[in-house]
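Please read the following walk through a protein model with its sequence and its coordinates side by side.

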Amino acid sequence: MFFNMIIVADTNNHRIQIFDKDGEFKYAFGSPGREEGQLWYPRKVTVMRDSGKFVVCDRGNERSRMQIFSKNGHFLKKISIRYIDIVAGLAVTQNGDIVAVDSVSPTVFRLNENGELKKWFDCSEYMREPSDIAIYGNEYYVCDFKGHCVAVFDDEGNFVRRIGGENITNFPNGIDVSDAGDVLVGDSHGNRFHVAVFSREGTMISEFECPYVKVSRCCGLKLTSEGYVVTLAKNNHHVLVLNTLYVS
C-alpha cells in the first residue's frame, strides 16, 4: 500500500501492477527478461515514501536481484545483492533505507538507496524460515513461517521477544504494524485467511478470519489508512481487501 494504492508483484507475468483502493486498475510496468530494467519473476515490491520510487526484487540472472524504478515505472538503477539468496520480506525505514530479509539463511540486511550495505544481522538462532518483515520505530518484526510466530529484533539486531505461537499464528506469511503500534499477522493455514492482532509487547488483542472466500497460499499483509486489510491469494490470483477489522 502507498497513498492508498495497491501495488502487486505479478510474478508469473513479469510485471508490477498498480490498483486504487477500490480495485480499479491504474497502470503497470515491466517487461519480461533478465536484463537491467526488465523483470524476471518479481516476488517482492515496496515503495519509498518520500520519492514514490519502487523497489522491486526479482530473479534476474541471480537468485535475487534488486532494482529501483521511478514512481512512473521507469528503470533507474540496479542494486547488487549477491549476498542474499531469496528475498522473503522487503520494507523501507522512515529515513528511506531499504531492509530485506533472506529466507535461506535467516539474515536481515539494511542498505541505502545507493546500494551501500549499512548493517546486517544473523537471526538464525531465533527463527527457522523468514517469510515477511515489517518495521516500526527501531524494531524489526520478522514472520517465522516454520516457527509459527513473529521474532522481534532491535535496531542493532538483538533479539527482543516473540509474538504469537503455534495454533495462534500458524505458518505466518504477512505482517504489518498500524500507526498506533498494533501488530497484524496473517496466515492462510487451513484454506482460510486468518489475522491475529497483537500489541507491540505481544499481548493478543483480537483475531478474525475471512469466511467468504476459500483461499490458500496467501502472501503479504498490508493495512490501509482506513484499517482495511489487504492480502494476495496466490491460488486464485485475487487481491483480497477486508473491511471487517478495526484497529486503533
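A search of the whole structure finds zero disulfides, a disulfide being a pair of cysteine sulfur atoms within 2.5 Å. The model is a predicted one, in which local features need pLDDT of at least 70 and side-chain atom pairs count only at pLDDT 80 or more, while totals for chains, interfaces and linings use all residues. Residues are numbered from 1 along each chain as its sequence is written, and side-chain values use heavy atoms, with hydrogens and water left out.

Cys57 is buried, with a relative accessible area of 2%, where buried means under 20%, exposed over 50% and partly exposed in between, for a 1.4 Å probe and protein chains only. For Cys143 the closest cysteine sulfur is that of Cys149, at 8.9 Å, and this too is too far for a bond; Cys143 is buried, with a relative accessible area of 0%.

The aromatic rings come next. The structure holds 12 aromatic pairs, counted for rings of Phe, Tyr and Trp (its six-membered ring) whose centres lie within 6.5 Å, with planes under 30 degrees apart called stacked, over 60 edge-to-face and the rest tilted. One of them joins Tyr126 and Phe153 in an edge-to-face arrangement, 6.1 Å centre to centre and with 70 degrees between the planes. This pair links distant parts of the chain, 27 residues apart, since Tyr126 is in the loop between strand 11 (117-122) and strand 12 (130-136) and Phe153 is in strand 14 (residues 149-154); helices (H or I, at least four residues) and strands (E, at least two) are DSSP runs, numbered from the N terminus. Tyr126 counts as partly exposed at 26% relative accessibility, whereas Phe153 counts as buried at 0%.

Tyr126 also pairs with Phe159, and because their ring centres are 4.5 Å apart and their planes are at 5 degrees, this pair is stacked. Phe159 lies in strand 15 (residues 159-163), so the pair ties the loop of Tyr126 to a part 33 residues apart in sequence. Phe159 is partly exposed, with a relative accessible area of 26%. Phe121, Tyr126, Tyr140, Phe153 and Phe159 form one aromatic cluster.

Another ring, that of Tyr41, has the charged end of Arg59 sitting over it, 4.8 Å from its centre; a charge sits over a ring if NZ of Lys or CZ of Arg is within 6 Å of the ring centre and within 35 degrees of the ring normal. Tyr41 is placed in the loop between strand 3 (25-29) and strand 4 (44-47) and counts as partly exposed at 25% relative accessibility.

Most residues other than glycine have a negative phi. Tyr41, although not a glycine, has a positive phi of about 55 degrees, and the phi of His148 is a positive value near 55 degrees. His148 lies in the loop between strand 13 (139-144) and strand 14, and at 11% relative accessibility His148 counts as buried.

Finally, three strands form an open sheet in the order 20-21-22 with antiparallel pairing, where two strands pair if DSSP finds at least two bridges between them. The edge strands, strand 20 (218-223) and strand 22 (238-242), each pair on one side only. Strand 21 (residues 229-233) pairs with strand 22 in the antiparallel sense over five bridges, and Leu232 stands opposite Val239 in strand 22.
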